[in-house]
Amino acid sequence: MTTIYDFTVKGQDDRDISLESYRGKVLLIVNTATGCGLTPQYEGLQKLYDTYKENGFEILDFPCNQFLSQAPGTAEEINTFCSLNYQTTFPRFAKIKVNGKEASPLYSWLKDQASGPVGKAIEWNFAKFLIGRDGQVSQRFSAKSQPADLEESIKALL
């Protein structure tokens, strides 16, 4: 059986990072963009992170430029934007693709575990996957789901 811990992803510095390092935590995995109408969700995501990180909750931020090129810029530019505008402190990884032949293996697996509003494909920036402490997908939330709407589901897994 595959779990989230079987995957290795690229950090912003292009280093390999094993998701094994998050074993036992509740994870929220989000594909993000800095130039999207949903970008203000960063504020709500940071609030969730601040509230629950001490209880074993992590948000894993994967910038994605596949939707109307709304995540332009380098890793440093994206970090600066998020830090200055939304004071984000949760982990951010290298840009990835979430759909198509070049989709990240992580996202291919996530989509196989839980369908969304348009089937398996990621519909837009800020689609969210909630992962339980067992490394399995618990729920998938649409891009339009506000971070505050996930709070009860997060608390139930913590």
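This is a predicted model: local features need pLDDT of at least 70, side-chain atom pairs count only at pLDDT 80 or more; totals for chains, interfaces and linings use all residues.
Q: How many aromatic pairs does a search of the whole structure find?
A: A pair of aromatic rings is described by the distance of the centres and the angle of the planes. Searching the whole structure for such pairs gives a total of 11.

Q: Is the aromatic pair of Tyr42 and Phe126 stacked or edge-to-face?
A: The ring centres of Tyr42 and Phe126 are 5.5 Å apart, and their planes make an angle of 85°. Planes over 60 degrees apart count as edge-to-face, and those under 30 degrees apart as stacked. The pair of Tyr42 and Phe126 is therefore edge-to-face.

Q: How many residues apart are Tyr42 and Phe126, and which parts of the chain does the pair link?
A: Tyr42 belongs to helix H1 (residues 41-52). Phe126 is in the loop between helix H3 (105-113) and strand S5 (128-131). The pair thus links distant parts of the chain, with a separation of 84 residues.

Q: Are Tyr42 and Phe126 buried or exposed?
A: Both residues also belong to one aromatic cluster, which includes Tyr49, Phe81, Tyr86 and Phe90. As to accessibility, Tyr42 and Phe126 are buried.

Q: Which parts does the aromatic pair of Tyr107 and Phe129 tie together?
A: Tyr107 and Phe129 form an edge-to-face pair, with 6.0 Å between centres and 85° between planes. Tyr107 lies in helix H3, whereas Phe129 lies in strand S5. Because the two residues are 22 apart in sequence, the pair ties together separate elements, namely H3 and S5.

Q: Why does Tyr107 count as buried, and what is the relative accessible area of Phe129?
A: Buried means under 20% relative accessible area. Tyr107 counts as buried because its relative accessibility is 0%. Phe129 is buried too, with a relative accessible area of 0%.

Q: Which residue is joined to Glu20 by a side-chain polar contact of 2.6 Å?
A: Glu20 is in the loop between strand S2 (16-18) and strand S3 (26-32), and is partly exposed at a relative accessible area of 34%. The side chain of Glu20 makes this polar contact with that of Arg23.

Q: Is Glu58 buried or exposed?
A: Glu58 is placed in strand S4 (residues 57-63). Beyond neighbours within four places in sequence, its contacts include Tyr22, Lys25, Leu27, Tyr49 and Pro91. With a relative accessible area of 11%, under the 20% cut-off, Glu58 is therefore buried.

Q: What separates the C-alpha atoms of Lys25 and Tyr52?
A: Lys25 lies in the loop between S2 and S3 and is partly exposed, with a relative accessible area of 26%. Leaving aside neighbours within four places in sequence, Lys25 is in contact with residues including Tyr5, Glu58 and Arg133. Lys25 and Tyr52 are 27 residues apart along the chain, and their C-alpha atoms are separated by 11 Å.

Q: Which element gives the most to the lining of the largest pocket?
A: The largest pocket has a volume of about 160 Å³. Strand S1 (8-10) and H3 each supply at least two lining residues. With three residues, the element that gives the most is S1.

Q: How many charged residues does the lining of the largest pocket have?
A: Among the lining residues are Lys10, Asp16, Lys95, Lys97 and Glu102. Asp, Glu and Lys count as charged. By class, the lining has five nonpolar and two polar residues, and its charged residues number five.

Conventions:
Residues are numbered from 1 along each chain as its sequence is written. Side-chain values use heavy atoms; hydrogens and water are left out. Rings of Phe, Tyr and Trp (its six-membered ring) pair if their centres lie within 6.5 Å; planes under 30 degrees apart count as stacked, over 60 as edge-to-face and the rest as tilted. Helices (H or I, at least four residues) and strands (E, at least two) are DSSP runs, numbered from the N terminus. Buried means under 20% relative accessible area, exposed over 50%, partly exposed in between (1.4 Å probe, protein chains only). A polar contact is a pair of N or O atoms within 3.5 Å; within protein, one must be able to donate a hydrogen and the other to accept it, and residues adjacent in sequence count only if both atoms are side-chain atoms. Contact means heavy atoms within 4.5 Å. On a 1 Å grid over the protein atoms alone, a cavity is a set of points where a 1.4 Å probe fits but cannot get out, and a pocket is an open set with protein on both sides within 12 Å along at least five of seven lines; lining residues have an atom within 4 Å of a point. Grid points are joined across faces, edges and corners, and a volume is the space filled by probe spheres set on the points.
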